[in-house]
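Please keep the sequence and the model at hand while reading.

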Amino acid sequence: MDPAEHQDPATAASTAPASPAPPPASTSASASADGTVRAAGCVLWRRSPRSPGLEICLVHRPKYDDWSHPKGKLERGEDPLAGALREVAEETGYAAAPGAELPTVRYLSDGRPKEVRYWAAAATTGAFAPSDEVDRILWLAPDEARARLTRPLDRPLVDALLAALPPGTGPCP
């Protein structure tokens, strides 16, 4: 097992800030009136317990056999930030303190446009428990997290997180 791996017991897209309105009540739980699937997530981070600097949490989804930031579809009428924090808790087991909004990622998923809003979020309390949706998490240094992410569109979010953190919270002491 990779020492950075913890199961805690102890296609063309743009990234640009966006502020879409919540989906109208007449649409499905995760799609807007224009058919765009709405989702939200966080680039979850913590101070490294092993070395100076910080670590970023990535989730492994066995259904897709990929590594990504915790995220998921919004429920009908759900505030995007509330949905992002809910998804972090569901997928990682951690509560999180939200920070700056990060770039929105847009891409096609099963032929439909998908838009994922992201926030920086500091892990607070919690512990990971594997599930059918997420079977593993990793806490990695930023460079390692960027390299491990399966989808290239997720990688710039690591840099956006580092740029958004207050001075003194970056990867270098």
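The model is predicted, so local features need pLDDT of at least 70 and side-chain atom pairs count only at pLDDT 80 or more, while totals for chains, interfaces and linings use all residues. Residues are numbered from 1 along each chain as its sequence is written, and side-chain values use heavy atoms, with hydrogens and water left out.

**Overall fold**

The protein chain has three helices and nine strands. Helices (H or I, at least four residues) and strands (E, at least two) are DSSP runs, numbered from the N terminus. Along the sequence, the pattern is β-β-β-β-β-β-α-β-β-β-α-α. Of the 173 residues in the chain, 46% are buried; buried means under 20% relative accessible area, with a 1.4 Å probe and protein chains only. The accessible surface of the chain is about 8,300 Å², and 56% of that belongs to carbon and sulfur atoms. These areas come from the Shrake-Rupley method with a 1.4 Å probe; for residues, only the protein chains shown count as cover.

**Strand pairing**

Strand β8 pairs with both β3 and β7. Two strands pair if DSSP finds at least two bridges between them.

| Strand pair | Sense | Bridges | A bridge pair |
|---|---|---|---|
| β3 and β8 | parallel | nine | Ala-39 and Val-116 |
| β7 and β8 | antiparallel | eleven | Val-105 and Val-116 |

The strands β7 and β8 form a hairpin with two residues between them, and Asp-110 in the turn has a positive phi of about 55°.

**Helix α1 and what follows**

Helix α1 covers residues 80-92. Its 13 residues reach 18 Å from first to last C-alpha, close to the 18 Å expected at 1.5 Å a residue; the expected span is 1.5 Å times one less than the number of residues. At its start, a side-chain oxygen of Asp-79 comes within 3.1 Å of the backbone nitrogen of Leu-81. The buried residues of α1 include Ala-84, Arg-86, Glu-87, Val-88 and Glu-91. The buried residues of this helix pack against β3, β4, β6, β7, β8 and β9.

After α1 comes Gly-93, with a positive phi near 85°. Tyr-94 then lies in strand β7, residues 94-109. Tyr-94 counts as buried because its relative accessibility is 6%. Its C-alpha is separated by 4.2 Å from that of Gly-126, 32 residues apart along the chain.

**Nonpolar cores**

A nonpolar core is a set of buried Ala, Val, Leu, Ile, Met, Phe, Trp, Tyr and Cys residues joined through side-chain atoms within 4.5 Å. The largest core has 23 residues, of which Ile-56, Leu-58, Leu-102 and Leu-161 touch the most other members. Two or more residues each come from β3, β4, β7, β8, β9 and α3. Apart from this core lies another, of 17 residues, among them Cys-57, Val-88, Val-134 and Trp-139.

Contact means heavy atoms within 4.5 Å. Beyond its neighbours within four places in sequence, Leu-102 is in contact with residues including Val-43, Tyr-118, Leu-157 and Leu-161.

**Glu-55**

Glu-55 is in strand β4. At 3% relative accessibility, Glu-55 counts as buried. A polar contact of 2.6 Å joins its side chain to that of Arg-50; such a contact is a pair of N or O atoms within 3.5 Å, where within protein one must be able to donate a hydrogen and the other to accept it, and residues adjacent in sequence count only if both atoms are side-chain atoms. Leaving aside neighbours within four places in sequence, Glu-55 is in contact with Trp-45, Arg-46 and Trp-139, among others.

Notes:
Buried means under 20% relative accessible area, exposed over 50%, partly exposed in between (1.4 Å probe, protein chains only).
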